[in-house]
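Hi,

Here is the structure I promised to pass on. Have a look at it first, and my notes follow right below.

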Amino acid sequence: MDYKDIPGWFMPIDQAAFAWLLAHQSATQPPGGVVELGVFMGKSAVLIGNHLRPGEVFTACDLFEDIATAPEAAPGEQRFFRDKDVSQAAFERVYLSFHKELPRIVRGPTSTITRHVAPGSARFVHIDAGHTYDLVRGDTASARVMLREGGIVVFDDYRKAGNPGCMAATWEAVLNDGLKPFANTDFKLYATWGDPAPYRQAIASGAAASGWAVAEAPVALRDTEMVYLHRKA
Ligand SMILES: C[S@@+](CC[C@H](N)C(=O)[O-])C[C@H]1O[C@@H](n2cnc3c(N)ncnc32)[C@H](O)[C@@H]1O
């Protein structure tokens, strides 16, 4: 299977940003856990798996086929995923065509994730499971618990008109909970509760060495300094 043929919504610009940030952490920080909430068929998980160092645990959480019946799943998402292959077997098949070993799989609602990942242990958390306000709010709180100081959290659909709850929960964390965004694409927001400057620099350097463009976010959001990563005009 070719990577580009994995179904999913993980865009090339975010593939690049994940790669730069995970590589930057690997080059400058001790090993730590990596967590993905919402894996679908593994498009982002496979890329994350490329950046694991010896001893690092990658925890991948999803309801998989249980989404159809789980009370924790949002009804709109149960309908959305009904006609798609969200089985654990499909995820594992895709993942194993790129990597020798599976991540540690937590099959269940993301609300249980802090029972499986030690507090303060993760260097990187990707929030891409249920997109309602309450689910993203809960996942954000879990990310804060799981992340070590200065860890990275990435939010999906932080600006999509069809996902107002997801947007609201993300921005609430920025405005009220001390989260510092350092970069955005049209699809994802990249943030930390630690020092955002080195990560902003890593994105800027990655973009400079590739075909992507960065722009300073033109409108100030309190004291945040972020870069907008986009396709060159
Ligand atoms: C947008 S997809 C993930 C996409 C994936 N990260 C990628 O890049 O291809 C959302 C996933 O979250 C899962 N999901 C939705 N609500 C969930 C919940 N409450 N707990 C666990 N998983 C959930 C769905 O089963 C689906 O696989």
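Strand β1 (residues 33-37) runs parallel to β2, and 4 bridges join the two. One of the pairings to look up is leucine 37, whose bridge partner in β2 is cysteine 61. Bear in mind that this is a predicted model.

Those two strands belong to an open sheet of 9 strands with mixed pairing, and the order is β3-β2-β1-β4-β5-β7-β6-β9-β8. At the edges stand β3 (104-107) and β8 (212-216); each has a single partner strand, so one side of each has no neighbour in the sheet. On average, neighbouring strands here are turned by 20° against each other, direction ignored.

Next, the helices. Helix α1 (residues 12-28) and helix α7 (residues 197-208) have axes that come within 9 Å and cross at roughly 125°. The pair is therefore oblique, and the crossing is right-handed. Which residues meet there? From α1 come Ala16, Ala17, Trp20, Leu21 and His24, and from α7 come Tyr199, Ala202, Ile203 and Gly206. By type, that contact has 7 nonpolar residues, 2 polar and no charged.

Then there is the ligand. It is surrounded by 23 residues, and the closest are Gly8, Phe10, Gly38, Ser44 and Gly130. The shell divides into 13 nonpolar, 5 polar and 5 charged residues.

Cheers

Conventions:
Residues are numbered from 1 along each chain as its sequence is written. This is a predicted model: local features need pLDDT of at least 70, side-chain atom pairs count only at pLDDT 80 or more; totals for chains, interfaces and linings use all residues. A residue is near a molecule or strand if its C-beta atom, placed from the backbone, lies within 6 Å of it. Ala, Val, Leu, Ile, Met, Phe, Trp, Tyr, Cys and Pro count as nonpolar, Asp, Glu, Lys and Arg as charged, and the others, Gly among them, as polar. Axes are lines fitted to C-alpha atoms, for helices over the stretch in contact, and angles run from 0 to 180 degrees between N-to-C directions. Angles under 35 degrees count as roughly parallel, over 145 as roughly antiparallel, 65 to 115 as roughly perpendicular and the rest as oblique. A crossing is left-handed if the near helix is turned anticlockwise from the far one by less than a right angle, and right-handed if clockwise. Two residues are in contact if their C-beta atoms, placed from the backbone, lie within 7 Å. Two strands pair if DSSP finds at least two bridges between them.
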